[in-house]
Amino acid sequence: MPRYAREYQKSYSNVYHVILRSINQQEIFYDNADRSKFLKSLKESKEKYQYDLYAYVLMDNHVHLLIMDKGDNLSKIVQSLATSYALYFNKKYERIGHVFYNRFKSKQIETLPYFLNLVRYIHFNPEKAGICGYSEYNWSSYQGYYRISEFVDSSKVLKMAEMDSEDFKDFHEEYRKMKKFIVDEFELENTKLNDEIAIQMVKEALKVENLVLVQNLNVKSRNKKIAQAAKIEGIERKQLARILGVSERLIYRAVKSSKKDTEK
């Protein structure tokens, strides 16, 4: 079973924006049955881990979630969602392999204005993508603010925002009047692995307790380990060179050598 690694700093508010992206930007929802299955898994994980769900949207190849993680279970929450859906998806479409990237993206949310703008941004994803108007989309939490929802904690958001449902609608309409959709602030695409997380990922991939041990291996074994580490998604060679204590040129040679050995 794949591990879904943490890529987030601890939030004082325990509120996080989480993005689950598919492997190679492939579609993960082919029909409404697929979307319904994911929402069922979402509901089940919410009941199990007792987190608040403030907003969500299911897009063709990714999912946005805005949650309050009361029990410091963020990795477990993501793993339960990803694993449950992957088992369903692979069985239905007779495929094998990962559906989501093992390393999920998240950001801690500490201020109310950012939080409210993020709720609005999540709901506008379908309109931004040219699918349909945000209020017409059936696979986001927006409509849960206007009807009884089984698992969206909409009343808590409205209370925090000091809004009623009409105010909430006006708040969203204001977003449409802006000259362009806000993207960079909320997409998390520029989030890079810090060295602490990168080191842990390399240790797990190479099955070593201390990365210094890699330098002390014989040349062939060392190059094999370095080439293996160079395949880890999200770690750039410059960062890998820094945490392994080797040069980028050595990494290049190790990868090249590994390719030659594979081709033999």
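Which residues gather in a patch of negative charge on the surface? Keep that in mind as you read these notes on the model, which is a predicted one.

1. Let's start with the whole chain. Its secondary structure comes to 12 helices and four strands. Of its 264 residues, 47% are buried.

2. Now for contacts and surface. Among the contacts in the protein chain with a separation of 6 or more, 73% are between residues 24 or more positions apart. The chain exposes about 14,700 Å², and carbon and sulfur atoms supply 49% of that area.

3. Back to the opening question: the residues are Asp164, Glu166, Asp167 and Asp170, and together they gather in a patch of negative charge on the surface.

4. You will find Glu166 in helix α6, which covers residues 165–177. Is Glu166 buried, partly exposed or exposed? Glu166 counts as partly exposed because its relative accessibility is 47%, and that class lies between the buried limit of under 20% and the exposed limit of over 50%.

5. Ala241 sits in helix α11, residues 237–244. Its relative accessibility is 6%, so Ala241 counts as buried; the cut-off for that word is under 20%.

6. Finally, look at what surrounds Ala241. Leaving aside residues up to four places away in sequence, Ala241 touches Val246, Ser247, Glu248 and Ile251. Ile226 is 15 residues from Ala241 in sequence, and the two are 9.3 Å apart in space, C-alpha to C-alpha.

Notes: Residues numbered from 1 in each chain as written. Predicted model: local features only at pLDDT ≥ 70, side-chain atom pairs only at ≥ 80, totals over all residues. Heavy atoms only, no water. Patch = residues over 30% accessible without salt bridge, like charges linked within 9 Å, V, L, I, M, F, W, Y side chains within 5 Å. Areas by Shrake-Rupley, 256 points an atom, 1.4 Å probe, with all protein chains shown as cover. Salt bridge = Lys/Arg side-chain N within 4 Å of Asp/Glu carboxyl O. Lys, Arg positive; Asp, Glu negative; His and termini not counted. Charge placed at Lys NZ, Arg CZ, Asp CG, Glu CD. Helix = DSSP H or I, 4+ residues; strand = E, 2+ residues; numbered from the N terminus. Buried < 20%, exposed > 50% of the residue type's maximum accessible area, 1.4 Å probe, protein only. Contact = heavy atoms within 4.5 Å.
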